[in-house]
Amino acid sequence: IESWAMDARLRLPDTRTLASEWVKKNIPPGARILSDLEADSPRIRYSLEHALELLKRTSESGHARARYYELMVSGHPGGGYEVWQVSRDPGELHAGAGHAAWSSAGRPVLNVDQGLKAARSAGIEFVVLTGYGAAYGASPKLGRFLAETREQGILLASFSPAEGMRGGPDIWIYRIHSERRGS
């Protein structure tokens, strides 16, 4: 009975999938998006240009993630976004400092401990927060960034789990003013 109940929960629509579909329909390709922790965030396709840039960077540094970007480039269907991830402290990731640094070296990460200024300076136009990763208690260094995003950003969409109907984390998608395009 427990196994059947688990299967039923796993077959529910997930907020990450719903948010991914919303992004494809509502955010123009090529936009710069800052997302939360990768496992908790919607799957957002990287643009070919972004994937090529990351392939070059990881290949030059000998990072194992280069193979991931190589595969992404070889089968790229077009479209996509420049996706960045919020930088996290090793303690938040439950990882050693060396492992967290190695992992970050293979990804496009942005330190937003000082608030939205870093995101705006990097040309970020959209921020995707999740209930799993964007909790003030779990990420005290991100408090300013989270508060500024919620206060200054424009909430475009939100997706919430619902018992027996949808699984996954709460997800909020914001538009922020960016220095890139003056948007």
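Begin by selecting arginine 150, which lies in helix α8 (residues 143–152), where helices are DSSP runs of H or I of at least four residues and strands are runs of E of at least two, both numbered from the N terminus. Arginine 150 is partly exposed, with a relative accessible area of 28%; buried means under 20% and exposed over 50%, with partly exposed in between (1.4 Å probe, protein chains only). This is a predicted model, in which local features need pLDDT of at least 70 and side-chain atom pairs count only at pLDDT 80 or more, while totals for chains, interfaces and linings use all residues. Residues are numbered from 1 along each chain as its sequence is written, and side-chain values use heavy atoms, with hydrogens and water left out.

Next, select helix α2. Its buried residues are Thr15, Arg16, Ala19, Ser20, Trp22 and Val23. Seen down the helix axis, these buried residues fall within an arc of 165°, so they line one face of α2, the arc being that of the directions from the axis to the C-beta atoms. The face turned away from the buried side carries the exposed residues Lys24 and Lys25.

Finally, select β1 together with β2 (residues 82–86), which pair in the parallel sense over four bridges, and find serine 35 opposite glutamine 85 in β2.

Key
Two strands pair if DSSP finds at least two bridges between them.
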